[in-house]
Amino acid sequence: MRKQIAAANWKMNGTYQQGEKLLNDILKEEIVLAAHQQVVFAAPFPFLIMANSEVADEPNYFIAAQNCYNKKSGAYTGEVSVDMLESINIKFCVIGHSERREYFNESNAVLAEKINLLLEKNITPIFCCGESLNIREANTQNTYVATQLQESLFHLTAAQMSKVVIAYEPIWAIGTGKTASSAQAQEMHAHLRSVLANQFGKDVANEISILYGGSVKAANAVEIFSQPDVDGGLVGGASLIAEEFVAIIKALK
Ligand code: PEP
């Protein structure tokens, strides 16, 4: 069975102490995950070592970085390399979040470089894609999102691709309280899986986890996650509230 993943994206929220408390409040619930389920917390860089030690003894709980740089090392003041993440034992990294694409001009080509560096170090990329409201209203979302995959991922081998997690996040649903309907999510996830199947083969496509992101909360997680091609969620706002995120973890298939 494909991995079912509840991924928290804390973004630039909270202090170190608040992050530690949030993790403790969630972990104290002692939710035992099945072998095919994973929980990932994408924490800010200064919290990563603390967060990794909090989940160290929790099977199938992991910490992710929210970004990495697309160069190996060098004179790039303020950036964080994949080698640095590997050196503190980070196993996941979110890349291509729409906020990074919009505010930091991250292109599909730059994301392809990040994917390569992450896979070289066996860090699982959580690759975000998704269309803006204009694109959805013009009904061109399928081609738009397929191009994001093509330009950032199609250079990979099938074996490499099988190590990538996709997060479909329609921009119009991020932080807006406006969720895609479960039917809209399923339709896009099935489309993405068929795009992946054309390029990498059906077996590989069937093994790739495709998460939905965009105003997921305790009240809608069960319905969204129950769609056959939705393999969990990438969650922003609701992941900052322990009881909300606990319910979201429990909604995993
Ligand atoms: C996100 O930032 O990835 C996200 C989905 O945010 P929210 O859940 O707040 O819409």
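Helix H5 (residues 108-120) and helix H7 (residues 141-153) pack at about 50° with their axes 7 Å apart, and the two are therefore oblique to each other. Here, angles under 35 degrees count as roughly parallel, over 145 as roughly antiparallel, 65 to 115 as roughly perpendicular, and the rest as oblique. Helices (H or I, at least four residues) are DSSP runs numbered from the N terminus. Their axes are lines fitted to C-alpha atoms over the stretch in contact, with angles running from 0 to 180 degrees between N-to-C directions. H5 passes H7 in a right-handed crossing, meaning that the near helix is turned clockwise from the far one by less than a right angle.

The model is predicted, with local features needing pLDDT of at least 70 and side-chain atom pairs counting only at pLDDT 80 or more, while totals for chains, interfaces and linings use all residues. Residues are numbered from 1 along each chain as its sequence is written, and side-chain values use heavy atoms, leaving out hydrogens and water.

Helix H12 (residues 242-250) takes part in two further pairings. With helix H1 (residues 16-27), the axes come within 9 Å and cross at roughly 45°, which makes H1 oblique to H12. Helix H11 (residues 218-225) also has its axis come within 9 Å of that of H12, at a crossing angle of roughly 15°; this makes H11 roughly parallel to H12. The H1 crossing with H12 is right-handed, and so is described the crossing of H11 and H12.

Turning to the ligand, 14 residues surround it, the closest being Lys 11, Glu 169, Gly 175, Ser 215 and Gly 236 (a residue is near if one of its heavy atoms lies within 4 Å). This shell divides into 4 nonpolar, 8 polar and 2 charged residues, with Gly counted among the polar ones. Ligand oxygen atoms lie 2.9 Å from a polar side-chain atom of His 97 and 2.6 Å from a polar backbone atom of Gly 175 (polar contacts pair N or O atoms within 3.5 Å). The protein buries 96% of the 290 Å² that the ligand exposes alone (Shrake-Rupley, 1.4 Å probe).

Notes. A polar contact is a pair of N or O atoms within 3.5 Å; within protein, one must be able to donate a hydrogen and the other to accept it, and residues adjacent in sequence count only if both atoms are side-chain atoms.
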